[in-house]
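Biologist: I have a model open and want to learn how to read it. Where do we begin?

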Amino acid sequence: RGPRRRFDWLGVTLLVTGLPALILGIQQGNQWGWSSLPTLGLIAGGAIILLVFTLVELRAEDPVVQLRLFRDRSFLGDALILMFTQGAVTGVMIFMGLYLQIVLGYDPARAGAALMPLMLPVLLMLYFAGRCYDRMGVRLPATAGAIVVTIGLAVLAIGTRSEQYVTI
């Protein structure tokens, strides 16, 4: 058993107030108007709170997020690859579900079934990627995953362009 760690209440409080404020301001910008006081206030307030969060975490004895990890160029590069890959996959899943229903006329169950070929490999590879990471580090699994996702997105783009998608 390691040394007892202190809970970073200030860091948690700043994170759970700053991040939702920033996201809400960005999400509602189109509806409320980008120059409206609520939009600008939430975006500016959230950004300021997150800046304070960063400064607090850099000085905290037991931080919520160990920001010093990002000084390592390999870690930063791998984290950026994973962030962009996850962003692409999440965006595709959301918009592809809508596309299948609105444009191609699929009911929600059929649209969900159509997305399974994209999600099943991800779920299966999560198990193996963790073991591969433990043996080889993050670079190979992250690179291989990015390549596989890119190929999958290309296949989806081709199917989307032809407005045909094979389902069960």
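Modeller: With one side chain. This is a predicted model. Arg5 has 59% relative accessibility, so Arg5 counts as exposed. The cut-off for exposed is over 50%.

Biologist: Which residue does the side chain of Arg5 meet in a salt bridge?

Modeller: Asp62. The N to O distance is 3.4 Å, and the cut-off for a salt bridge is 4 Å. Asp62 is buried, because its relative accessible area is 15% and buried means under 20%.

Biologist: Which parts does the pair tie together?

Modeller: Look at where each partner sits. Arg5 is in the segment before H1, and Asp62 is in the loop between H2 and H3, so the bridge links parts 57 residues apart in sequence.

Biologist: How many salt bridges does a search of the whole structure find?

Modeller: One.

Biologist: Now the fold. How many helices and strands are there?

Modeller: Five helices and zero strands. Read from the N terminus, the order is α-α-α-α-α.

Biologist: How do I check the length of a helix?

Modeller: Compare the expected span with the distance between the end C-alpha atoms. Helix H2 covers residues 37–59, which is 23 residues. At 1.5 Å a residue, H2 should span 33 Å, and its end C-alpha atoms are 33 Å apart, so the two agree.

Biologist: Which residues of H2 are buried?

Modeller: Start with the general idea. An α-helix has 3.6 residues a turn, so residues three or four places apart point the same way. In H2, the buried residues are Thr39, Gly46, Leu50, Phe53, Val56 and Glu57. Helix H1, residues 9–32, is among what covers them.

Biologist: Take Thr39. What does Thr39 touch?

Modeller: Thr39 is found in H2. Its relative accessible area is 0%, so Thr39 is buried. Leaving out residues up to four places away in sequence, Thr39 touches Gly25, Gln28, Gly29, Trp32, Gly33 and Trp34.

Biologist: Give me a contrast. Is Val148 buried or exposed?

Modeller: Exposed. Val148 sits in helix H5, residues 139–161. Its relative accessibility is 55%, which means Val148 counts as exposed. Val148 and Thr39 are 109 residues apart along the chain, and their C-alpha atoms are separated by 38 Å.

Biologist: Which residues form a nonpolar patch on the surface?

Modeller: Val64, Val65, Leu69, Phe70, Phe75, Leu76, Leu80, Met83 and Phe84. Together they have about 760 Å² of accessible area. Take Leu69 as an example. Leu69 lies in the loop between H2 and helix H3, which is residues 73–102. Leu69 counts as partly exposed because its relative accessibility is 44%.

Biologist: Next, the overall shape. What is the radius of gyration of the chain?

Modeller: 21 Å. A compact globule of 168 residues would be near 15 Å. The C-alpha trace spans about 55 × 50 × 30 Å along them.

Biologist: What share of the residues is buried?

Modeller: Buried residues are 24% of the 168. The chain exposes about 12200 Å², and carbon and sulfur atoms supply 69% of that area.

Biologist: And contacts along the sequence?

Modeller: Sort them by separation. Take contacts between residues at least 6 apart in sequence. Of these, 55% join residues at least 24 apart.

Technical notes: Residues numbered from 1 in each chain as written. Predicted model: local features only at pLDDT ≥ 70, side-chain atom pairs only at ≥ 80, totals over all residues. Heavy atoms only, no water. Helix = DSSP H or I, 4+ residues; strand = E, 2+ residues; numbered from the N terminus. Expected span 1.5 Å × (residues − 1). Buried < 20%, exposed > 50% of the residue type's maximum accessible area, 1.4 Å probe, protein only. Contact = heavy atoms within 4.5 Å. Patch = residues over 30% accessible without salt bridge, like charges linked within 9 Å, V, L, I, M, F, W, Y side chains within 5 Å. Areas by Shrake-Rupley, 256 points an atom, 1.4 Å probe, with all protein chains shown as cover. Rg over C-alpha atoms; globule rule 2.2 N^0.38 Å.
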